[in-house]
Amino acid sequence: MSKIKLENLSKSFGDIKAVDGISLDINEGEILGLLGPNGAGKSTTMKMIAGFLKPDDGDIVIDGKDIAEDDIETKKKLGFLPEGCPIYGDMSVGMFLAFIADIRGYRGKEKDNKIRDAVKLANIEEVLNQQVDTLSKGYSRRVGFAQAIMHSPEILMLDEPTDGLDPNQKIHIRKIIKDMGKDKTIIISTHILEEVEEVCDKVAIIAGGKLRANGKVSEIIKNKKESLEQAFIRLTK
Ligand code: ATP
């Protein structure tokens, strides 16, 4: 299992400080929920951890190694469901997953097994022959989820994993995330507070690119009478 340390992480786009000096520890086997208003810097933080974006400042240390120095080995440990994934619209779902399996270095029987397991977990058997571009939003998310988990990564990052899913699939994916959290370190971003309470061990609340609070839900709420929603509003004002 892996441990992630963010140290004074910062990223700007022109004048916009998307992430502004975030320091955060995510422990082995923890499920962390990243919460924050629109534009808070959640996706940018995840993209930096995944190596999609380079920080302007600060460090990302995974299992004691700075990813700026040891990029490839660390990337193999990561599975990432970004916003708007999957990307290869003109492939069928089956072709897309075979392509991902190839990239991950799987061949022959192992490749077939990895694809089959991911398809089963994401519950996407019925769309295997459909072109990725023509999928509904929910199925598209589930295909993205399948590619993120195919190589059984030690670290899983899921940007709004249940966005667009119907209620049954929301329950299904949340259960899988919770099960996977037993032997993985997981970061999810979400706007659904009940999802955080149901799935996450800890919560990091971000607003304006800054970390406003970090800890268990019971530590973030002011007292037993305050709901997570009320705490969120108080902390992100
Ligand atoms: P949401 O909940 O709406 O998905 P978020 O917390 O994930 O928001 P980010 O997507 O990280 O927020 O965006 C943080 C800020 O950085 C926003 O002001 C956004 O407009 C800006 N931003 C993000 N990516 C880029 C980019 N590639 N170019 C310019 N600005 C960007």
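Arg116 and Asp117 pair up in a salt bridge, with their closest N and O atoms 3.2 Å apart; the term stands for a side-chain nitrogen of Lys or Arg within 4 Å of a carboxyl oxygen of Asp or Glu. By this rule the count comes to 17 salt bridges. The model is a predicted one, where local features need pLDDT of at least 70 and side-chain atom pairs count only at pLDDT 80 or more, while totals for chains, interfaces and linings use all residues. Residues are numbered from 1 along each chain as its sequence is written, and side-chain values use heavy atoms, with hydrogens and water left out.

**Salt bridges**

- Asp117 is partly exposed, because its relative accessible area is 40%; buried means under 20%, exposed means over 50%, and partly exposed lies in between (1.4 Å probe, protein chains only).
- Glu195 and Arg174 also meet through their side chains in a salt bridge, at 2.8 Å from N to O.
- This pair links distant parts of the chain, 21 residues apart: Glu195 sits in helix α7 (residues 193-199) and Arg174 in helix α6 (residues 167-180). Helices here are DSSP runs (H or I, at least four residues), strands are runs of E (at least two), and both are numbered from the N terminus.
- Through shared partners, salt bridges join Arg174, Glu194, Glu195 and Glu198 into one network.
- Glu195 has a relative accessible area of 1%, so it is buried. Arg174 counts as buried too, at 4% relative accessibility.
- Asp20 and Lys17 form a salt bridge through their side chains (3.4 Å, N to O). Lys17 is partly exposed, because its relative accessible area is 46%.

**A patch of negative charge**

- On the surface, Glu7, Asp57, Asp59 and Glu69 gather in a patch of negative charge.
- Patches are made of residues with over 30% relative accessible area and no salt bridge; like charges are joined within 9 Å, and nonpolar side chains (Val, Leu, Ile, Met, Phe, Trp, Tyr) within 5 Å.
- Asp59, one of the patch residues, belongs to strand β4 (residues 57-62). Its relative accessibility is 31%, so Asp59 counts as partly exposed.

- Thr45 is part of helix α1 (residues 42-50) and is buried, with 2% relative accessible area.
- Beyond its neighbours within four places in sequence, Thr45 is in contact with Leu6, Leu9, Val19, Ile22 and Ile206; contact means heavy atoms within 4.5 Å.
- One of those partners, Leu6, is 39 residues from Thr45 in sequence and 9.5 Å from it in space, C-alpha to C-alpha.
- Tyr88 is found in the loop between β6 (78-81) and α3 (93-103), and it is partly exposed at 35% relative accessible area.
- Setting aside neighbours within four places in sequence, Tyr88 is in contact with Phe96, Phe99 and Val132.
- Tyr88 and Lys11 are 77 residues apart in sequence, and their C-alpha atoms are 28 Å apart in space.

**Backbone angles to look at**

- Ser152 is not a glycine, yet has a positive phi of about 45°.
- You will find Ser152 in the loop between α5 (137-149) and β7 (155-159), where it is partly exposed with a relative accessible area of 46%.
- Glu160, another residue other than glycine, has a positive phi near 50°.
- Glu160 lies in the loop between β7 and α6 and counts as buried, at 16% relative accessibility.

How values were computed:
Accessible areas come from the Shrake-Rupley method with a 1.4 Å probe; for residues, only the protein chains shown count as cover. Lys and Arg count as positive and Asp and Glu as negative; His and the chain ends are not counted. The place of a charge is taken as NZ of Lys, CZ of Arg, CG of Asp or CD of Glu.
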